[in-house]
Amino acid sequence: MGANSSSISELPENEYLQKLSGSEPISENDPFWNQLLSFSFTTPTNSADLKLLEEATISVCKSLVEKNPRTGNLGSLIKVFLSRTKELKISAECQNHLFIWQAHNALFIICCLLKVFISRMSEEELQLHFTYEEKAGPSSYGAECEDLIEELLCCLVQLIVEIPLLYPCQHTDSNWWKWLCSWYRGRYSGGVTSALGDITYSISLEAVTTLIVFLSCQLFHKEILRESIIHRYLMHGRCLPYTSRLVKTLLYNFIRQERSPPPGTHVFQQQTDGGGLLYGIASGVATGLWTVFTLGGVGSKASAQLEQCSPLASQSLLLLLVLANLTDTPDTPNPYRQAIMSFKNTQDNTAFSSSNPHAFQINFNSLYTALCEQQRSDQATLLLYMLLHQNSNVRTYVLARTDIENLVLPILEILYHVEERNSHHVYMALIILLILTEDDGFNRSIHEVILKNITWYAERVLTEISLGSLLILVVIRTIQYNMTRTRDKYLHTNCLAALANMSAQFRSLHQYAAQRIISLFSLLSKKHNKVLEQATQSLRGSLGSNDSPLPDYHFWEMSDCLHFSETKLRHAQDLNVIEEVIRMMLEIINSCLTNSLHHNPNLVYALLYKRDLFEQFRTHPSFQDIMQNIDLVISFFSSRLEQAGAELSVERVLEIIKQGAVALPKDRLRKFPELKFKYVEEEQPEEFFIPYVWSLVYNSAVALYWNPRDIQLFTMDSG
């Protein structure tokens, strides 16, 4: 794009960019496009590089925004791109082997321009930029002209679902891909995967990125978009038949985790045997200004993030999450969400439901493996949540796995490092555990899985512990962290719900897990006494008396509460919350004692060791009923220990407990309703999930940069 330019700073003065953004219309058949698009560069690998590029070309973009309604040059560029993608599918005789290269470069420019356009105008204004019609004269917009937005969107979807990344001849019956394979084998000694794989990887990534950019209008609105032109195109019309194939391809991109081509790779190197007129033009132009897009030069190192992961896998997952969280229209549910809810295992031979045209099959074993390996990222955890919550086929498969620890351990590690994670990631991990603990089979099996040397658990050396006991330890640690730091009632509730779901199936609890259950109750008891004292002092102060006796706070009259200030009312509310948590903990202990007393001598031991903790709650009106069984167990085993004499060793105490567990008549323990909690999404879940997903896109998308001052959907703290 100009042989004399040598730095990004000179891009605004480049003659080709100036012509593109100038006042003269450029026909889609003009040779200019061959010159514009014939460049080699390494696509920017991070948002910092993109920021440099955007800042250098912002004047060009502004000029195009201003003049495009009169020139239609954006539309011409898009038509050139569409023609290049169509010409990729010509017969082998034509041998137009540079079209895929130019198509990639055209798409990169379109993506850069679209990002600026979308951040600066409404969808209606954007649509006008796509509907310029030269035949009707300058500055005219014909209602009958082709809809370039829909055509471009459909083309992008087709590129994603039809371009194979590796070994293309083994994955498609398409004649044009077979020809490309044959051509590459003859031209490149590195083989098909080293040459064709690089360029197909790049154009697939660019297509996914451009779709994300198309949908990014949500970033510039505070309210959730419930009606959108882009959404309508993707959920109806020509794009709709590709729904299941697009979701399947994005999932497989995530599963495969294919690495990106090395930075500095030039897909088309100049050959000594010529290569045709078009190639000759490209060779001369490719050495010009656009080579500065290596942003550091050929051979520069990729970012550490890109060395460890696949940009295409990451970007595909983000696009999948965005599509799955598009809002339903009044007459049509989100087809991408429907596809995610209904896909099946490749080994499932049952017929698809006729009510869902978007169902498909995918290899669940590969999906499970990828989910286990990728839980370090928010987006992979969010995908796991969506699949477990919305797809019963996936949930059934996961719960049937005999290596469930491979999935649960990464989730527990997220919760263990709660200080280093954002609150949304912690919530998703916790809800995943809650969904899993709704299944009794899961609750039993986790106590049969024995783990050795959990290195990331720092509070105590755990040389051997069951997965169930480790889960209890991590959840209790999360509760304690929340009590001292965030004080989030929602987090408390879900942690306790997961413990409650497991409690009836507690088996062979590790002594440390048993101790932590009672230690948590001790912490709650101390907090209860402190809050109760504060509430009592508040009431005394309000009544103007420090000596007169007060009735039990459970029987305070409304007239008493009217004396409370806002601070004093908060004390009363805190007391109510802490008592709800204490009640839940007592129910969890009671559930274990009632259903699996003989399996948990360590819990009985810890209970007896700290029996004084429970004394104050025996006559408490909120806990009297649930304390009956706990009090009975404490009394029964205390009596047997007294009969055995003093100075008993730990081993002897545990032996007496095991013998007593057999002797204790089960009918003496009062039966309570089974503790079972089920996760239910809040009403209007999109109010939470859409900002969350877009914050992940903003922070994690490869080679996408948006000016933070332009973002309206969320604050930078939440993003």
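This briefing describes selected side-chain interactions and their surroundings in one protein structure.

The structure is a predicted model, in which local features need pLDDT of at least 70 and side-chain atom pairs count only at pLDDT 80 or more, while totals for chains, interfaces and linings use all residues. Residues are numbered from 1 along each chain as its sequence is written, and side-chain values use heavy atoms, with hydrogens and water left out. The model holds 20 aromatic pairs and 15 salt bridges. Helices (H or I, at least four residues) and strands (E, at least two) are DSSP runs, numbered from the N terminus.

**Aromatic pairs and cluster**

- Aromatic rings of Phe, Tyr and Trp (its six-membered ring) pair if their centres lie within 6.5 Å; planes under 30 degrees apart count as stacked, over 60 as edge-to-face and the rest as tilted.
- The planes of Phe343 and Phe364 stand at 90° with ring centres 5.8 Å apart, so this pair is edge-to-face.
- This pair links distant parts of the chain, 21 residues apart: Phe343 lies in the loop between helix 15 (335-342) and strand 1 (344-345), and Phe364 in helix 16 (residues 364-373).
- Phe343 and Phe364 are both buried, where buried means under 20% relative accessible area, exposed over 50%, and partly exposed in between (1.4 Å probe, protein chains only).
- Tyr368 and Tyr397 also form an edge-to-face pair, with 6.3 Å centre to centre and 75° between the planes.
- The partners are 29 residues apart and link distant parts of the chain, with Tyr368 in helix 16 and Tyr397 in helix 18 (residues 392-400).
- Tyr368 is buried at a relative accessible area of 3%, whereas Tyr397 is partly exposed at 21%.
- One aromatic cluster is formed by Phe343, Phe360, Phe364, Tyr368 and Tyr397.

- Asn345 lies in strand 1 and is buried, with a relative accessible area of 13%.
- A polar atom of the Asn345 side chain lies 3.2 Å from the backbone nitrogen of Phe364.
- Leaving aside neighbours within four places in sequence, Asn345 is in contact (heavy atoms within 4.5 Å) with Gln361, Ile362, Asn363, Phe364 and Tyr397.

**Charges over rings**

- A charge sits over a ring if NZ of Lys or CZ of Arg is within 6 Å of the ring centre and within 35 degrees of the ring normal.
- Lys344 lies over the face of Phe352, at 4.2 Å from the ring centre.
- Arg477 places its charged end over the ring of Tyr416, 4.1 Å from the centre.

- Asn482 belongs to helix 22 and is buried at 1% relative accessibility.
- Not counting residues up to four places away in sequence, Asn482 touches Arg487, Asp488, Leu491 and His492.
- Leu496 lies in helix 23 (residues 489-503) and is buried, at 4% relative accessibility.
- The C-alpha atoms of Leu496 and Ile479 are separated by 8.2 Å, with the two residues 17 apart along the chain.
- Beyond its neighbours within four places in sequence, Leu496 is in contact with Ile479, Val581, Met584, Met585 and Ile588.

**Salt bridges**

- A salt bridge is a side-chain nitrogen of Lys or Arg within 4 Å of a carboxyl oxygen of Asp or Glu.
- Lys452 and Glu464 meet in a salt bridge at 2.5 Å, N to O.
- That pair links distant parts of the chain, 12 residues apart: Lys452 is in strand 3 (residues 450-452) and Glu464 in strand 4 (residues 464-466).
- Lys452 is exposed at 55% relative accessibility, while Glu464 is partly exposed at 42%.
- In the salt bridge between Asp625 and Arg583, the closest N and O atoms are 2.7 Å apart.
- Asp625 lies in helix 28 (residues 624-644) and Arg583 in helix 26 (residues 566-596), so the pair ties together parts 42 residues apart in sequence.
- Arg652 and Glu655 form a salt bridge with the closest N and O atoms 3.5 Å apart; these residues are 3 apart in helix 29 (residues 650-663), separated by about one helical turn.
- Arg652 is partly exposed at 33%, and Glu655 is partly exposed at 38%.
- Arg226, Glu686 and Glu687 are linked in a network of salt bridges.

How values were computed. A polar contact is a pair of N or O atoms within 3.5 Å; within protein, one must be able to donate a hydrogen and the other to accept it, and residues adjacent in sequence count only if both atoms are side-chain atoms.
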